Amino acid sequence: LTFICSAVTGVVLGFLFPEPIPPDASTLKLTVTYTGFLNDQMAGFYRSTYTDIQGQSKIMVSTQFEALDARRCFPCVDEPSRKAVFGVTLTVPAHLTCLSNM
């Protein structure tokens, strides 16, 4: 199985399974442990800033998951005809707030 991680960089990732995948398999599950990083490109999982009501600049993280941008966050296929299904776990200090529209 060969997977193109990013159409932007052309990075290709291959998986070698201990046995062949049956040709009649309708569902496969592949678990990948992956650690990413926050970027400043306003795509994928990125760092952004805002100004609070006291006028202080604050840092927040945001996502932009258009088809190619989701791949900047983690290895996935996210095209209109093949949507990525994924779970996210956040470990966040108690004094911070996390919001999601997923």
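**Notes on the predicted model**

1. The term here covers a side-chain nitrogen of Lys or Arg within 4 Å of a carboxyl oxygen of Asp or Glu. Asp-52 counts as buried because its relative accessibility is 16%, while Lys-58, at 31%, counts as partly exposed. The cut-offs are under 20% relative accessible area for buried, over 50% for exposed, and partly exposed in between (1.4 Å probe, protein chains only).

2. A word on the ground rules. This is a predicted model, where local features need pLDDT of at least 70 and side-chain atom pairs count only at pLDDT 80 or more, while totals for chains, interfaces and linings use all residues. Residues are numbered from 1 along each chain as its sequence is written, and side-chain values use heavy atoms, with hydrogens and water left out.

3. How many salt bridges does the structure hold? There are 2. Arg-47 is partly exposed, since its relative accessible area is 34%; Asp-40 reaches 55% and so counts as exposed. As background, side chains of opposite charge can pair when their charged atoms come close.

4. On the overall layout, the protein chain has 1 helix and 4 strands, running β-β-β-β-α along the sequence. These are DSSP runs numbered from the N terminus (helices are H or I with at least four residues, strands are E with at least two).

5. Thr-51 has Ser-57 in E4 as its bridge partner. The hairpin has 5 residues between the strands, and Gly-55 there takes a positive phi near 85°.

6. Now the loop between E2 and E3. Met-42 lies in this loop and has a positive phi near 55°, in a residue other than glycine. With a relative accessible area of 60%, Met-42 is exposed. Gly-36 is in the loop between E2 and E3 too, and counts as partly exposed because its relative accessibility is 42%. The C-alpha atom of Gly-36 is separated by 9.6 Å from that of Pro-75, 39 residues apart along the chain.

7. Which residues make up the nonpolar surface patch? They are Phe-17, Ile-21, Leu-28, Leu-30, Val-32 and Tyr-34, with about 520 Å² of accessible area together. Patch members have over 30% relative accessible area and no salt bridge; like charges are joined within 9 Å, and nonpolar side chains (Val, Leu, Ile, Met, Phe, Trp, Tyr) within 5 Å. Tyr-34 sits in the loop between strand E2 (12-14) and strand E3 (44-51), and is partly exposed because its relative accessibility is 41%.

8. Of the 102 residues, 17% count as buried. The protein chain exposes about 8,700 Å², with carbon and sulfur atoms supplying 57% of it; areas come from the Shrake-Rupley method with a 1.4 Å probe, and for residues only the protein chains shown count as cover. Among contacts (heavy atoms within 4.5 Å) between residues at least 6 apart in sequence, 20% join residues at least 24 apart.

Definitions and conventions
Two strands pair if DSSP finds at least two bridges between them.
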